[in-house]
Amino acid sequence: MLVRPLSGRPLQTPLPKGTVDTQMHMYLPGFPARLGGPELPAGTLPDAPQYRRVMDWLGIDRVIITQGNAHQRDNANLIACLAAMGRVARGVAAFGSDISDSELDAFSAAGIVGARIMDLPGGAVRLSELEAIDDRAAARGWMIAVQFDGSHILDHETRLKRLKSRWVFDHHGKFFSGATPDGPEIAAVKRLIDRGNCWFKFAGVYESSKSGSPDYADVAAFSRSIAAHAPERIVWGSNWPHNLAKTREAYPDDADLTDTVLGWLPDDAARQLALVDNPESLYGLPRFGGGGS
């Protein structure tokens with residue numbers, strides 16, 4: 001059975017105070033996987049006590065819990081996780097365009113601040129509902145996390161330009177066919193960022209890198225380029241508990257992964273932006289230490 005490491009060596013460069021992990025999943029007992037999604041993660045359920053140990057290990061102060069694909073559009077587990085984590089946590093939910101205002105009111109009260117579009121196998125809400133979800137999110141000042149095969153970004157650029165909400169292009173763009181710093185796909189990402197409401201998330205690099213660990217050189221190259229272009233539009237996520245890993249051998253070392261990925265930021269000022277200031281802007285979080293963190 002998979003046993004996740006919850007502690008280890010310290011990071012080479014400590015995270016700044018107020019760091020936000022903007023990409024992780026959490027699962028509590030009593031919430032089975034739903035039809036259409038993947039199974040629950042391997043091993044013991046990655047719950048709040050486990051994640052708090054990871055926070056202590058890496059130096060994370062705040063967290064965005066993202067609805068996992070296993071639960072599809074049933075956000076009950078997410079709401080329970082937000083309650084378990086308390087004031088340090090906010091959530092990103094998966095819901096369709098037919099959701100009622102009263103349900104969204106309840107989501108807001110529970111700490112949900114965004115919607116998830118995941119147009120890949122197992123995803124609960126596809127790009128076909130992008131505009132409708134954008135309408136609902138924009139009306140509440142929520143953000144949208146958008147994930148699809150970034151190799152097709154040119155096909156979707158016009159639609160993405162029209163989004164009214166703040167939104168983040170998830171998981172290093174997931175360019176499954178590859179991308180280069182000077183290629184048309186990365187140029188499109190930069191154009192979208194330059195419109196002012198788009199962010200780019202460093203998370204889950206191993207899910208799309210073709211060159212692989214330990215350096216993930218292919219994803220590193222264009223991620224460095226995007227970070228240099230717009231350091232004010234980068235956010236970071238641990239992608240804990242690394243749901244694709246089924247064995248200890250396949251499980252990444254969180255300290256190594258964090259050091260590697262954050263090493264693609266150009267300087268300490270960019271780290272402060274990506275880990276503290278930018279997530280506050282994207283997710284509408286109070287400033288750290290301001291009483292609402």
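A pocket is an open set of points on a 1 Å grid over the protein atoms alone, with protein on both sides within 12 Å along at least five of seven lines; a cavity is a set of points where a 1.4 Å probe fits but cannot get out. Lining residues have an atom within 4 Å of a point. Grid points are joined across faces, edges and corners, and a volume is the space filled by probe spheres set on the points.

The model is predicted: local features need pLDDT of at least 70, side-chain atom pairs count only at pLDDT 80 or more, and totals for chains, interfaces and linings use all residues. Residues are numbered from 1 along each chain as its sequence is written, and side-chain values use heavy atoms, with hydrogens and water left out.

**Exercise 1. Describe the largest pocket and its lining.**

Step 1. The volume of the largest pocket is about 420 Å³.
Step 2. The pocket is lined by 23 residues, and those closest to its centre are Asn69, Met118, Glu207, Asn243 and Leu244.
Step 3. Sort the lining by class: Ala, Val, Leu, Ile, Met, Phe, Trp, Tyr, Cys and Pro count as nonpolar, Asp, Glu, Lys and Arg as charged, and the others, Gly among them, as polar.

**Exercise 2. Describe the largest cavity.**

Step 1. There are 3 cavities of 30 Å³ or more, and the largest has a volume of about 70 Å³.
Step 2. Its lining includes His172, Phe202, Trp236 and Asp254.
Step 3. Helix H8 (residues 254–262) gives the largest share of this lining, 4 residues. Helices (H or I, at least four residues) and strands (E, at least two) are DSSP runs, numbered from the N terminus.
Step 4. By class, the lining holds 6 nonpolar, 5 polar and 1 charged residues.

**Exercise 3. Describe how helices H6 and H7 pack.**

Step 1. Axes are lines fitted to C-alpha atoms, for helices over the stretch in contact, and angles run from 0 to 180 degrees between N-to-C directions. Helix H6 (residues 184–193) and helix H7 (residues 217–229) pack at about 25°, with axes 11 Å apart.
Step 2. H6 is therefore roughly parallel to H7 (angles under 35 degrees count as roughly parallel).
Step 3. The contact (heavy atoms within 4.5 Å) involves Ile186, Val189, Lys190 and Ile193 of H6 and Phe222, Ser225, Ile226 and His229 of H7.

**Exercise 4. Locate the cis peptide bond from Ser213 to Pro214.**

Step 1. Omega of this bond is near 5°.
Step 2. Pro214 lies in the loop between strand E7 (198–202) and H7.

Definitions and conventions: Parallel < 35°, antiparallel > 145°, perpendicular 65-115°, else oblique.
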